[in-house]
Amino acid sequence: MSSNTPIPRDTLLARLREILPDDCLIPEQESQRPFECDGLSLYRELPLVVALPETVAQVQSILSCCHDLGVPVVARGSGTGLCAGAMPHPEGVLLGLSKLNSILEIDPLARTARLQPGVTNLAISQAAAAYGLYYGPDPSSQIACSIGGNVAENSGGVHCLKYGLTVHNLLSVELLTVEGQRTTLGGSGLDSPGYDLMALITGSEGLLGVVTEVTVKLLPCPEVAQVVMAGFDSVRAAGDAVGAVIAAGIVPAGLEMMDALAIQAAEDFVQAGYPRDAQALLLCELDGTAAEVDQHVDAVQQIFRSHGASSLRISSDDAERELLWKGRKSAFPAVGRMSADYYCMDGTIPRSQVSHVLEEISRLSEKYQLRCANVFHAGDGNLHPLIMFDGGDPQQIKLAERFGADILQLSVAVGGCITGEHGVGLEKLSQMPSQFSEAELHQFEDIKHAFDPALMLNPGKGIPILKRCQEYRALPGRHSHD
Amino acid sequence: MTDLVPQLAARVSAAMADNTPLYIHGGNSKRDAIGRDCTAEHSLDVSGHRGISDYQPEELVVSARAGTPIRELEAVLAQQGQMLPFEPPHYDGRATLGGTLASNLSGPARPWLGSIRDSVLGVQLINGRGQILAFGGKVMKNVAGYDVSRLQAGALGTLGIISEVHLKVLPQPEATLTLAREATAQDALKLMTQYAGQPKPLTAASWIEGRLYLRLAGAASAVNHTARIWGGENIDNAFWNQLRDMSHEFFAKPAPLWRLSITPTAPCSDNLDQCIDWGGAQRWLRTPPTQVPPGAHLSLFSGGDRQAEVKGDLDAVQKQLQLRLKQSFDPAGILNPGRLYSWM
């Protein structure tokens with residue numbers, strides 16, 4: 001079990017070599033660099049060793065070995081996460097699951113897909129397309145992100161207002177406990193016996209177990225999908241238009257907002273034909289049968305016009321629809337071209353607060369003298385401010401982190417939360433007390449303890465450890481490895 | 001509308017101190033069903049803690065105290081043209097919000113619009129230490145901390161007293177239409193899975209006493225167009241309320257009643273006394289099947305021996321995790337002991 005004395009690296013390596021072939025282990029620091037961080041590169045660390053198993057049995061043996069030796073384990077999918085949740089532990093094993101990337105089965109009649117955890121999100125829909133089916137949640141990183149990582153983070157995407165988050169689209173999950181014991185959560189039907197551990201595991205950031213297989217629900221591809229794009233002269237007008245669409249009883253497949261800076265960044269990057277002069281842009285996707293989409297496109301157009309849309313465009317075919325989405329889905333890299341570094345926040349707020357929150361963010365932008373572009377899952381209130389800064393300037397890093405923390409406090413203050421879909425990881429650990437009381441944090445800790453009493457799975461992430469403070473640092477600093 | 005949370009929490013703290021377990025209940029509409037008989041001698045009535053605490057139609061979010069009757073809640077939503085997506089049973093008006101979440105009960109729309117587990121955004125909970133805790137919130141997406149809100153679905157109150165629930169609601173569909181036709185159970189099952197794979201506004205598919213029932217709901221244009229293609233006799237939508245509330249005559253027969261949760265494509269026999277719901281994923285049975293396939297879940301819904309286990313077996317690994325989880329919320333074991341499993 002765990003002790004304060006780190007296990008000699010050689011002992012660990014010798015044990016792992018009994019489990020894995022040499023080409024599945026990366027002990028050398030130079031070769032570990034690609035694994036030192038996830039999508040949030042502010043936080044970096046190198047592990048003792050990177051293990052890249054090829055079978056579930058190997059994963060089991062690795063967990064069992066680490067449990068014996070008291071070595072921390074950090075599971076990693078594709079490393080596209082945005083909260084430093086997959087940052088390695090300096091005294092632990094980084095367990096990369098990307099080689100477990102087979103689509104095991106697609107059952108078109110039951111509308112399910114059984115997957116290894118390393119299968120990418122987009123690959124599911126691509127494989128299901130042959131049967132007229134697709135997988136609903138579509139995070140912007142869907143080309144690269146893995147379904148195992150999606151389960152760990154409860155990932156969303158632009159379509160979750162209508163089709164739900166990862167947790168709504170799972171049927172069962174195979175889980176290995178910290179000891180390496182295997183169990184299946186969920187089932188082939190919609191209900192399973194006892195507590196809904198599958199719901200608890202979803203979004204638990206690799207703190208409760210390691211997911212080695214996922215069965216997802218598939219949806220029939222809609223007959224038609226169209227995007228209505230509208231530019232507005234103010235964020236407030238666009239926000240009101242969003243409320244009016246919902247009030248009209250329409251549930252769009254996707255409903256996204258971008259502010260002026262995000263519009264310009266995206267337009268410079270992909271030339272989607274966004275109105276450069278607009279202060280806010282709405283993208284509203286409507287899907288369903290042909291007749292239904294016609295009806296809803298008309299209704300949404302009228303709503304946008306009556307709320308003062310300065311420009312309107314409706315996708316005429318799938319290519320145009322994809323182009324309009326491409327601008328939105330590329331917003332992060334697009335902002336990356338405007339600034340050496342950017343810091344993406346993830347608060348969720350009540351929709352009605354969007355104008356107020358964006359005005360506050362604009363004020364904070366002045367205060368910290370850092371630019372901030374905003375993309376917003378307007379349908380479900382999930383805001384992604386992208387704070388631009390220069391990572392080479394320590395002062396700017398500090399300011400960006402303070403700016404980000406202020407935005408999260410603001411999200412909680414207006415009745416929202418600190419993270420809608422990116423997770424807490426290491427990054428938002430110090431903001432957890434702004435959303436949760438000490439008793440609530442203790443309850444989280446007790447849950448963690450029920451699954452992982454020695455705190456060996458992804459220690460130091462997700463939930464602050466108050467009672468058993470082996471790993472907890474009050475404020476995560478910037479980590480660099482010398 | 002008195003806030004009873006401080007009293008409820010005090011009762012739990014006292015029960016913990018005296019080690020006197022509590023049977024927690026709302027409208028008592030599910031007392032003799034779903035779970036086992038609770039072994040606690042003392043009961044704690046939550047039904048007085050009721051009322052809608054916040055409702056923002058434009059946010060698609062409603063918050064209500066646990067004792068709020070489902071019927072009352074739905075009536076308020078209907079005034080704004082909205083609804084609970086998961087179509088919970090009313091049980092003559094006695095079913096409450098807290099009990100519905102604790103039992104994870106959902107109606108025929110389950111495969112398409114989810115269960116209460118899928119709609120819950122947050123809860124206020126009194127754990128077995130008498131602490132008043134809040135998890136989740138009133139926004140659509142929230143991944144801070146573990147999802148303790150959804151964990152309450154189906155936990156039968158064994159992890160805490162649910163005192164308030166925040167839910168996502170949806171606009172009522174513009175049009176709803178029910179189609180019925182004669183079919184054997186096997187043929188009905190085939191049609192259900194076939195139709196469910198098509199991008200049509202299907203929101204319920206059931207088979208009961210020789211007839212297949214399909215519900216179409218959504219934009220009027222889509223509903224009418226699909227009805228023309230699929231065909232069948234157009235019947236009253238009230239059928240779904242009978243199915244939801246189990247007031248249909250199929251459910252009036254003597255107990256026991258078994259519920260099988262299974263993949264919708266699992267074969268069925270034509271010679272069974274059964275009702276098929278959820279597009280094939282839920283089978284109501286009068287006699288238990290001789291074999292339950294892996295991944296399916298059989299439970300004794302009502303009647304029969306309610307001192308024996310009524311939920312499906314768990315493997316040793318999961319049993320241990322579930323027991324430890326229970327202890328993390330309720331270390332003294334005073335909340336609904338024995339209700340979910342004899343050992344819990």
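Reply: A:Val49 has A:Val93, a residue of S4(A), as its bridge partner. The strands concerned are S2 (residues 49–51) and S4 (residues 93–96) of chain A, which pair in the parallel sense over 3 bridges. Strands here are DSSP runs of E with at least two residues, helices are runs of H or I with at least four, and both are numbered from the N terminus; two strands pair if DSSP finds at least two bridges between them. The model is predicted: local features require pLDDT of at least 70, side-chain atom pairs count only at pLDDT 80 or more, and totals for chains, interfaces and linings use all residues. Residues are numbered from 1 along each chain as its sequence is written, while chains are lettered from A and ligands numbered from 1 in the order in which they are written.

Helix H3 (residues 56–69) of chain A packs on this sheet and touches S2, S3 and S4 of chain A, its direction making about 165° with that of S4(A). Helix H1 (residues 9–19) of chain A lies across S1 and S2 of chain A, at about 15° to S2(A). Such angles run from 0 to 180 degrees between N-to-C directions, with axes fitted to C-alpha atoms, for helices over the stretch in contact; contact requires C-beta atoms, placed from the backbone, within 7 Å.

The sheet as a whole is open and has 4 strands in the order S1-S2-S4-S3 (chain A), with mixed pairing. Strand S1 (25–26) and strand S3 (73–76) of chain A each have a single partner strand, so one side of each lacks a neighbour in the sheet.

As for the contact between the chains, 79 residues of chain A meet 68 residues of chain B. H16(A) contributes the most to the side of chain A that touches chain B, with 9 residues.

Regarding confidence, pLDDT (the predictor's confidence in each residue, from 0 to 100) has a mean of 93 in chain A, where 95% of residues reach 70 or more. Over residues 469–482 of chain A, pLDDT stays under 50, and the model has 25 contacts beyond four places in sequence for this stretch.

Definitions and conventions:
Two residues are in contact if their C-beta atoms, placed from the backbone, lie within 7 Å.
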